[in-house]
Amino acid sequence: MSIEELLKDLEYKILRIKKRYYYLDAILKQLVQVTGGKQFIIRNDFIYQMIWDSYEMLIIELASLYRGMCQPGGFFGQLKIHAAKLRTTSHKKIEVSEPNISGSRGQPLTPQDHARLKRELKVDTQKFIAKGIEESLLDLFPDLKNVSDKRANHSHVDALKDQFWKLAEEMVHDRDARRAHKHEHKEHSHAENSKEITLKDIGTHFDRLEKIINAIRSVTTLSSFAYLDMNEASVANTAEDVVDLVMMGRFNEVFNTFEIPVSLKKVHTEPPYFYMYRDRYYQANPQPWGKDEKDLKDE
């Protein structure tokens with residue numbers, strides 16, 4: 001597996017796991033906004049349980065990712081194969097686009113000055129990028145700071161893995177003690193005395209993880225990667241819908257609480273109630289989203 005394939009595989013896993021974080025963060029913010037941060041009555045415990053399950057699954061998956069990365073043959077083990085790429089890069093090897101130089105109307109550039117400035121700006125850009133790559137390398141491997149030949153070896157990768165595990169261990173402990181294995185072992189009975197991972201802590205873990213992987217990407221492939229919300233639905237809008245259900249029970253009650261039927265009656269709209277629209281729609285469209293047997297056979 002090439003270093004690019006190794007990084008892409010891990011980045012995809014992070015993106016998929018982090019999908020839960022985005023909507024959980026939006027739901028929490030919406031709950032605080034609606035309730036003013038005060039206690040509230042849960043009127044749809046089914047939806048609330050799904051929120052809590054997503055939170056626990058987020059911890060379980062992230063902890064599993066951490067352990068997989070640090071196990072023999074995991075990410076750090078495979079990174080050793082590419083240790084030769086974990087080094088500084090000469091600015092001359094860095095490809096940059098040709099700079100665009102233009103002189104002022106009062107002082108037009110001669111062809112010689114124009115060519116010289118393009119060369120100088122290009123070299124400055126290459127050196128700036130090379131410096132950033134070196135800084136990323138030293139962030140990963142501080143022991144290389146006072147070494148002239150700044151290149152990492154297997155021992156450096158092992159040290160990076162050990163340091164990474166120290167940061168990841170609290171997530172794994174929370175997963176084992178409070179989530180995935182909380183009913184299995186007596187040694188987890190001390191969980192109440194340890195720190196419980198919060199959603200804010202999870203955000204910090206993602207930031208730290210992404211920073212480390214992007215530093216490795218920068219050093220080995222001279223590129224970067226942006227971690228974006230991969231949820232198809234708007235997390236902000238969906239969070240509003242979910243919180244409405246938690247606070248009011250079901251959509252029919254949401255419509256009634258917002259006095260939408262009252263408004264519909266004032267303009268003589270029929271039917272005035274949400275559930276009537278729902279019933280009529282599904283009667284008229286008995287299979288609006290799924291596939292019938294014929295469609296399934298054709299696949």
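Q: What makes Tyr66 count as buried?
A: Tyr66 has a relative accessible area of 2%, and buried means under 20% (over 50% is exposed, in between is partly exposed, with a 1.4 Å probe and protein chains only). So Tyr66 is buried. By the way, this is a predicted model, where local features need pLDDT of at least 70 and side-chain atom pairs pLDDT 80 or more, while totals for chains, interfaces and linings use all residues. Residues are numbered from 1 along each chain as its sequence is written, and side-chain values use heavy atoms, leaving out hydrogens and water.

Q: How do you know whether Phe164 is buried or exposed?
A: Its relative accessible area is 5%, so Phe164 is buried.

Q: Why is the pair of Tyr66 and Phe164 called edge-to-face?
A: Rings of Phe, Tyr and Trp (its six-membered ring) pair if their centres lie within 6.5 Å; planes under 30 degrees apart are stacked, over 60 edge-to-face, and the rest tilted. Here the centres are 5.3 Å apart and the planes sit at 85°, so edge-to-face it is.

Q: What makes Phe75 and Phe76 an edge-to-face pair?
A: Their centres are 5.3 Å apart, with 80° between the planes. Both residues are buried too, and Tyr66, Phe75, Phe76 and Phe164 form one aromatic cluster.
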